[in-house]
Amino acid sequence: MTVYRERLWAPPALYLATALVIPASLLVFLPISVLAGVLVAIGMYLGVVVLLWALAPTIEVTGTEFRAGRAHLPRTLVGEATAHTGAEATTQRGPALDARAWTLFRGYVRGVVRVEVTDPADPTPYWLVSARNPQAVVDALRS
């Protein structure tokens, strides 16, 4: 049973910015062939868009585990969870970050969730995960 699920999609502006591969590939391939230039430009843009879509990680809280991207943590090993936004989130991602922490950041997502790991055999003290609605993730982990 899924308690919370969020996909960290790239913002529309990033899809628009990646359109710059079109003129770049046209500049390279138009001197060779107009058809090759157009086909390569379209193919490269579609490839970038597909990669942005396919590589968008999912944050999910179920009854038994917490998943962030491909990693998963059993709920029995989840300790205290805290939500951070604004300057507090920037501090968590920067000066306050423990080098041993497991992280999943997306630069276009401002909030983060810090989830303590209670497994004594795990050298990772906590997970720090980007989330658009960090408080909803914390509430789901506490439920």
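Is Ser-25 buried or exposed? In this predicted model, Ser-25 has a relative accessible area of 3% and is therefore classed as buried, the limit for that class being under 20%. The residue belongs to helix α2, which spans residues 21-29. Its side chain reaches back to the backbone oxygen of Ile-22, at a distance of 3.3 Å. When neighbours within four places in sequence are set aside, Ser-25 is in contact with Val-40, Ala-41 and Met-44. Ala-24 is also placed in helix α2. With a relative accessible area of 40%, Ala-24 is partly exposed. The C-alpha atom of Ala-24 is separated by 44 Å from that of Glu-65, a residue 41 positions away along the chain.

Not counting residues up to four places away in sequence, Trp-127 touches Phe-66, Ala-68, Ala-71, His-72, Leu-73, Trp-102, Val-113, Arg-114, Val-115 and Val-117. Its relative accessible area is 6%, so Trp-127 is classed as buried. Phe-66, at 0% relative accessibility, likewise counts as buried.

Aromatic pairs were then considered. A pair of aromatic rings is described by the distance of the centres and the angle of the planes. The count in this structure comes to three aromatic pairs. Trp-9 and Trp-53 form a stacked pair, with 6.3 Å from centre to centre and 20 degrees between the planes. This pair links distant parts of the chain, since Trp-9 is in the loop between β1 and α1 (12-17), whereas Trp-53 is in helix α3 (residues 34-54), 44 residues away. Trp-9 has a relative accessibility of 33% and counts as partly exposed. Phe-66 and Trp-127 form a tilted pair, for which the centres are 5.6 Å apart and the planes make an angle of 40 degrees. Because Phe-66 lies in strand β3 and Trp-127 in strand β8, this pair ties together parts that are 61 residues apart in sequence.

Two arginine residues are placed over aromatic rings. Arg-7 lies over the face of Trp-9, at 4.6 Å from the ring centre. The charged end of Arg-114 sits over the ring of Tyr-126, 3.7 Å from its centre.

A search of the whole structure for salt bridges finds five. One of them joins Arg-5 to Glu-60, with the closest N and O atoms 3.4 Å apart. The two partners come from distant parts of the chain: Arg-5 is in strand β1 (residues 2-7) and Glu-60 is in strand β2, at a separation of 55 residues. Their accessibilities fall into opposite classes. Arg-5 counts as exposed at 52%, whereas Glu-60 is buried, with a relative accessible area of 8%.

Another salt bridge connects Glu-65 with Arg-67, and here the closest N and O atoms are 2.4 Å apart. Glu-65 has a relative accessibility of 16% and counts as buried, while Arg-67, at 30%, is partly exposed. Arg-5, Glu-60, Glu-65 and Arg-67 are linked in a network of salt bridges. The side chains of Asp-98 and Arg-100 also meet in a salt bridge, with an N to O distance of 2.8 Å. Asp-98 is partly exposed, with a relative accessible area of 24%, and Arg-100 counts as exposed at 52% relative accessibility.

Terms used: Residues are numbered from 1 along each chain as its sequence is written. This is a predicted model: local features need pLDDT of at least 70, side-chain atom pairs count only at pLDDT 80 or more; totals for chains, interfaces and linings use all residues. Side-chain values use heavy atoms; hydrogens and water are left out. Helices (H or I, at least four residues) and strands (E, at least two) are DSSP runs, numbered from the N terminus. Buried means under 20% relative accessible area, exposed over 50%, partly exposed in between (1.4 Å probe, protein chains only). A polar contact is a pair of N or O atoms within 3.5 Å; within protein, one must be able to donate a hydrogen and the other to accept it, and residues adjacent in sequence count only if both atoms are side-chain atoms. Contact means heavy atoms within 4.5 Å. A salt bridge is a side-chain nitrogen of Lys or Arg within 4 Å of a carboxyl oxygen of Asp or Glu. Rings of Phe, Tyr and Trp (its six-membered ring) pair if their centres lie within 6.5 Å; planes under 30 degrees apart count as stacked, over 60 as edge-to-face and the rest as tilted. A charge sits over a ring if NZ of Lys or CZ of Arg is within 6 Å of the ring centre and within 35 degrees of the ring normal.
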